[in-house]
Amino acid sequence: MAESVFSYKGSELFVEDVSLDQLAEELGTPLYVYSTKAILDNLASYQKAFADRPHLIAYSVKAASNLAILSLVQKQGGGADIVSGGELFRALKAGIDPQKIVFSGVGKTKAEMAEALKAGILSFNVESAPELAALSQVAQSLGLKAPIAFRVNPDVDPQTHPYVATGFRDSKFGVPVEEALKLYKVAQEDPNIEIVGLDCHIGSQLTSLGPFKATAERLLVLLGKIKALGLELKILDLGGGLGIDYYDQKDPDKIPPLTKDYARAFSAIYQAYPGLTIVLEPGRSVVGPAGVLLVTTLYDKITPFKRFFITDGAMNDLIRPSLYGSYHNIKPVKDQGRPAALVNVVGPVCESGDFLAQDRALPIVQPGERLAVFGAGAYGFSMASNYNSRARSAEVLVNGATFRIIRTRETREDLIRGETL
Ligand SMILES: *Cc1c(COP(=O)(O)O)cnc(C)c1O
């Protein structure tokens with residue numbers, strides 16, 4: 001996507017015009033650092049790709065949920081894709097227009113539905129028949145009409161990690177395309193429901209256009225059948241899922257498509273339905289490349305079998321390597337010109353699955369020196385936990401030569417909040 005905002009000036013790694021080593025020195029580690037410019041550029045890239053048709057960028061809040069990040073999205077005219085009442089609360093706090101909020105997820109509670117209905121969101125992305133029935137009841141009890149889109153499962157293989165593939169027919173997400181029409185008919189008869197759109201989201205970290213093109217073909221067929229029911233949809237939600245380059249261009253098969261090519265994959269739909277507003281739910285591709293996790297090396301542990309860089313950052317800070325076996329590029333914050341060694345980068349958490357990298361060739365670092373873990377802006381802090389009673393890190397937003405702490409480091413007191421003896 002956007003040109004990298006991370007670069008060495010001399011031997012020191014900078015984000016925009018701020019030295020990462022100085023940030024770590026001042027604020028401690030582990031530390032999440034985001035670039036304002038990268039987030040804005042990535043949003044702008046979507047806006048440009050879809051500029052010649054009505055569209056809404058509904059940023060996927062779960063990728064990185066900090067209020068300051070949501071506020072950047074809001075100021076750029078973006079909306080939010082939420083998957084919980086908690087995310088609705090955040091999006092509204094950040095000033096996002098409820099008419100730019102879509103609510104996804106297979107397990108919305110009635111309380112969450114009521115909150116979102118009262119807020120006046122754009123659409124509920126409904127994922128099952130019983131969910132539709134529950135939403136109808138809630139709407140009736142409030143004397144409101146619930147705007148909905150059905151999330152369909154186009155049954156395409158997104159060629160991504162199984163845990164983030166969501167569009168297979170045996171997935172818990174969405175409704176099979178064949179069943180969608182039946183549900184549209186049920187909804188059409190329901191006075192508490194207003195049909196506004198069609199939705200799909202086939203998975204995350206997609207690095208090729210094929211699955212998007214296959215989805216477009218299936219959606220086009222379904223849109224024709226929906227039209228034949230006499231329904232005129234306002235929105236077509238294409239979900240999120242565009243991948244990012246975790247490998248820093250080292251692996252040509254893993255470089256994701258550009259937003260403009262992604263937009264073009266759906267062009268047959270725009271031609272057939274020029275009045276549809278295209279809703280997009282990107283998360284990873286907006287914030288992923290915009291963030292790094294800074295960690296400090298504690299020990300260089302050499303055994304006859306392995307060499308470990310033990311850092312103060314761990315799986316509770318960034319779980320993606322442990323959860324999905326994900327690759328994150330890692331670089332020293334200060335390049336000392338040292339030779340590389342084959343190492344595992346691990347944290348202090350008491351799990352063998354606690355690693356940030358395995359069998360990685362990295363320049364040798366000495367205790368006290370810092371490493372930057374790249375591509376950590378999405379599903380990094382938002383998936384962080386307090387496991388091993390580790391306080392969650394601070395989050396910092398850089399803008400040019402300035403920075404702002406957008407979440408303070410948790411304290412010992414934070415760790416026991418709400419607990420009693
Ligand atoms: C997680 C999620 C997204 C965002 O996916 P990315 O791969 O981060 O772009 C969009 N829509 C839904 C329904 C999701 O669950």
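This is a predicted model: local features need pLDDT of at least 70, side-chain atom pairs count only at pLDDT 80 or more; totals for chains, interfaces and linings use all residues.
1. **Helix 7 and helix 8.** Start with the general idea: two packed helices are described by the angle between their axes and the distance between the axes. Helix 7 covers residues 177-188, and helix 8 covers residues 210-228. Their axes lie 10 Å apart, at an angle of about 20 degrees. Angles under 35 degrees count as roughly parallel, so helix 7 is roughly parallel to helix 8. The crossing of helix 7 past helix 8 is right-handed.

2. How many of the contact residues are nonpolar, polar and charged? Six are nonpolar, none is polar and one is charged.

3. **Helix 4 and helix 5.** Now turn to residues 85-93, which form helix 4, and residues 110-119, which form helix 5. Their axes come within 9 Å and cross at roughly 25 degrees. Helix 4 and helix 5 are therefore roughly parallel to each other. Here the crossing is left-handed.

4. Helix 4 contributes G85, L88 and L92. Helix 5 contributes E112, E115, A116 and A119. The contact of helix 4 with helix 5 has four nonpolar residues, one polar residue and two charged ones.

5. **The ligand site.** There are 14 residues around the ligand. Which of them come nearest? They are K62, S204, E281, R284 and Y379. For E281, the distance to a ligand nitrogen is 2.5 Å. The side chain of D81 also has an N or O atom 3.1 Å from a nitrogen of the ligand.

6. **Backbone features to check.** Most residues other than glycine have a negative phi, and most peptide bonds are trans. Where does E16 sit? E16 is in the loop between strand 2 (12-15) and strand 3 (18-19). E16 is not a glycine, yet its phi is positive, at about 50 degrees. Next, find the peptide bond from T29 to P30: it is cis, with omega near -5 degrees. P30 belongs to the loop between helix 1 (20-27) and strand 4 (31-35).

Definitions and conventions. Residues are numbered from 1 along each chain as its sequence is written. Side-chain values use heavy atoms; hydrogens and water are left out. Axes are lines fitted to C-alpha atoms, for helices over the stretch in contact, and angles run from 0 to 180 degrees between N-to-C directions. Helices (H or I, at least four residues) and strands (E, at least two) are DSSP runs, numbered from the N terminus. Angles under 35 degrees count as roughly parallel, over 145 as roughly antiparallel, 65 to 115 as roughly perpendicular and the rest as oblique. A crossing is left-handed if the near helix is turned anticlockwise from the far one by less than a right angle, and right-handed if clockwise. Ala, Val, Leu, Ile, Met, Phe, Trp, Tyr, Cys and Pro count as nonpolar, Asp, Glu, Lys and Arg as charged, and the others, Gly among them, as polar. A residue is near a molecule or strand if one of its heavy atoms lies within 4 Å of it. A polar contact is a pair of N or O atoms within 3.5 Å; within protein, one must be able to donate a hydrogen and the other to accept it, and residues adjacent in sequence count only if both atoms are side-chain atoms. Contact means heavy atoms within 4.5 Å.
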